[in-house]
Amino acid sequence: MTHRREENVWIPESDLDGMTVDTLAVRAGQIRTGQLEHSDPIFPTSSFVYGSAAQAAARFGGEEPGNIYSRFTNPTVQAFEGRIAAMEGAERAVATASGMAAILSTCMALLKAGDHVVCSRGVFGTTNVLFQKYMAKFGVETTFVSLTDMDAWASAVRPETRMLFIETPSNPLCEVADMEKLAALAKASDALFVVDNCFCTPVLQRPLDFGADIVVHSATKYLDGQGRCVGGVVVGPDKLVDEVYGFLRSAGPTMSPFNAWVFLKGLETLPIRMRAHCDNALELALWLEQQEAVEQVFYAGLESHPQHALAARQQKGFGGVLSFRLKGGREEAWRFVDGTRMISITANLGDVKTTITHPATTTHGRLSPEDKAAAGITENLIRLSVGIEAVEDLKTDLSRGFHALQNPSN
Ligand SMILES: *Cc1c(COP(=O)(O)O)cnc(C)c1O
């Protein structure tokens, strides 16, 4: 007698009923083949075979469920989708080739010409480009408003508004949106409320619990966490995600099985990584606040942060990204960045390795001067994506940056 599943089956989700996100990150969505492997298998195959012509017909006709072609479904990709859906508390997820493909597919599937979008101003730079340049080309207009100004949201909504889109906390100033209020506005306006949950991951925040209709992710960031792959995912109720799946199947920006396998491995360590990111970021934020050369620190974990209480209510931790303004301008900011030695100078974030960025000339460099000013992207602003190195060593490296500020000739 056996009570454990031994062959070729998805491990039933009911065994995990009521379990926490930390456990779901390790266990949900797992499949096991006849080899009884303990670690998730990978299926690097573009297509699948049938036992007979009749079975092929039944698969294509949809009477028999099963794999046909990896642009439609792939078992490794489905395992990743099942795990992230469980973690977000959603009915369904579909994986995409990148975070941008997740956002594009959501828009293409759920919007049409003549629709209007209201989007928070501080979103990821390419999301901004996608709405302003490409969605506009297909007759979808977007209004950008401040993430935290509820009056601005309410007055931006029009009869043809079909989507509210946000990131919370925002990048790089860590502003926090009140998701329940925005969800209520979306509902009253017959619009979908879409949250890019890349910064928090479901370990720290589950937007569907606060009324979001759809969650999108760049899996490239924390979900992988080790800088190996580009990917994305769209999460939500069956009805909406099925529309997105239909677009993906026809348009093709799907996730490869190899990347899905890497992300599955990444998710297993996500809960402990997120705790380490949060602990290090809070300690560095407090330390930076005390530095003579620092004008202001932006991190929702600080009591000085205007939405600290809201962040504490919505999030289980304050995340790994923080930013700060140095006294001075671009010259001082660049001197500080160049003064560090270990921390990576890169625009990426969500990695176990700490990264440092000068947003005004990189991630947000394409914004017009007015848009930069409106988003608070000043020349003296520096963003850190705090990794999981020992926090003392991060302070040592950042101290080299402060030293370089005081000693311009070095
Ligand atoms: C990186 C990022 C994206 C885009 O994801 P890609 O995987 O690079 O396409 C979208 N949203 C946020 C918040 C991001 O940080």
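## The five-stranded sheet

An open sheet of five strands runs in the order β10-β11-β14-β13-β12, and its pairing is mixed. Its edge strands are β10 (294-298) and β12 (344-345), each of which pairs on one side only. The model described here is predicted.

Inside this sheet, strand β13 (residues 355-357) and strand β14 (residues 381-385) run antiparallel. Three bridges join them. I356 stands opposite L384 in β14.

Two helices contact these strands. Helix α10 (residues 257-289) packs on the sheet and touches β10, β11 (321-326) and β14. The direction of α10 makes about 10° with that of β11. Helix α12 (residues 330-339) lies across β11, β12, β13 and β14. Relative to β11, helix α12 runs at about 130°.

## The seven-stranded sheet

Another open sheet is formed by seven strands, ordered β3-β9-β8-β7-β6-β4-β5. Here too the pairing is mixed. The edges are β3 (92-96) and β5 (141-145), and each pairs on one side only. On average, neighbouring strands of this sheet are turned by 20° against each other, direction ignored.

Strand β7 (residues 192-196) and strand β8 (residues 214-218) run parallel, joined by three bridges. V194 stands opposite I214 in β8. Helix α9 (residues 238-251) packs on the sheet, with β3, β7, β8 and β9 as the strands touched. Its direction makes about 25° with that of β3.

Helix α4 (residues 99-110) lies across β3, β6 (161-167), β7, β8 and β9 (232-236). Helix α4 runs at about 150° to β8.

## The ligand site

At G99, a backbone N or O atom lies 2.9 Å from a ligand oxygen atom. At D196, a polar side-chain atom lies 2.6 Å from a nitrogen atom of the ligand. At K221, a polar side-chain atom lies 2.6 Å from an oxygen atom of the ligand. Taken alone, the ligand exposes 380 Å², and the protein buries 91% of that.

Methods: Residues are numbered from 1 along each chain as its sequence is written. This is a predicted model: local features need pLDDT of at least 70, side-chain atom pairs count only at pLDDT 80 or more; totals for chains, interfaces and linings use all residues. Side-chain values use heavy atoms; hydrogens and water are left out. A polar contact is a pair of N or O atoms within 3.5 Å; within protein, one must be able to donate a hydrogen and the other to accept it, and residues adjacent in sequence count only if both atoms are side-chain atoms. Accessible areas come from the Shrake-Rupley method with a 1.4 Å probe; for residues, only the protein chains shown count as cover. Two strands pair if DSSP finds at least two bridges between them. Helices (H or I, at least four residues) and strands (E, at least two) are DSSP runs, numbered from the N terminus. Axes are lines fitted to C-alpha atoms, for helices over the stretch in contact, and angles run from 0 to 180 degrees between N-to-C directions. Contact means heavy atoms within 4.5 Å.
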